[in-house]
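Here is a short briefing to read alongside the model. It starts with confidence, then turns to the helices and the sheet.

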Amino acid sequence: MEIMKPLAPLLPLFFALFSPVLFAANPDVAPGGLDKVTGTAIIDEINIARQNPSLYATFLEQTRQNYAGRVRLIPGSARRCTHEGVHALDEAIRFLRRARPLPAVGLSPGLCLAAADQLS
C-alpha cells in the first residue's frame, strides 16, 4: 500500500462529493452518524473508489435516484439537505467513469498522530 500523503489534498473534494453517499461497502459503519466513522472506514471507502471506479460510479448512479435537487431521501430515515446536491453526484459519476483504477492507499501513522494532536 502507498502512503496516503499524496491523496491528502484531494480529501476535501472527496468529502464534498461523496459525503452524502459514503460507506457503500458497509452502510452500517456509521449507525449513529458520521461522527462515529473511523479513519479506517474512510480509507476503505476511498480504496473501493480508487481500485474499481466504474463499480463505484454504478453505486452512485443507483444512489442518485434518492435525490431531489439538494435533498437526499434516505429510505426509512429523515431527509438530508446537502450543500452540493445532485450536481456534485453527477460530477463524481462522470469523473469515476473516466478514471482508471489506482492502487490502494493506507493510513499514514504520522498524519494520524498529527490529526489526533489537533483534536486535543
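Helices (H or I, at least four residues) and strands (E, at least two) are DSSP runs, numbered from the N terminus.

**Confidence**
- Residues 1-9 have pLDDT below 50, and this stretch has 18 contacts (heavy atoms within 4.5 Å) beyond near neighbours in sequence.
- Residues 25-32 are also below 50, with seven contacts beyond near neighbours in sequence.
- The protein averages a pLDDT of 77, and 71% of the residues score at least 70.

**Helix packing**
- The axes of helix 3 and helix 4 (residues 86-98) come within 8 Å and cross at roughly 155°; axes are lines fitted to C-alpha atoms over the stretch in contact, with angles from 0 to 180 degrees between N-to-C directions.
- The two helices, helix 3 and helix 4, are therefore roughly antiparallel (angles over 145 degrees).
- Residues making the contact include Tyr56 and Leu60 of helix 3 and Leu89 and Ile93 of helix 4.

- Three strands form an open antiparallel sheet in the order 2-3-4, where pairing needs at least two DSSP bridges between two strands.
- Strand 2 (67-68) and strand 4 (79-81) are the edges, each pairing on one side only.
- Strand 3 (residues 71-73) pairs with strand 4 over three bridges, and leucine 73 has arginine 79 as its bridge partner.

**Conventions**
- Residues are numbered from 1 along each chain as its sequence is written, and side-chain values use heavy atoms, leaving out hydrogens and water.
- Because this is a predicted model, local features need pLDDT of at least 70 and side-chain atom pairs count only at pLDDT 80 or more, while totals for chains, interfaces and linings use all residues.

Key
pLDDT = per-residue confidence, 0-100. Parallel < 35°, antiparallel > 145°, perpendicular 65-115°, else oblique.
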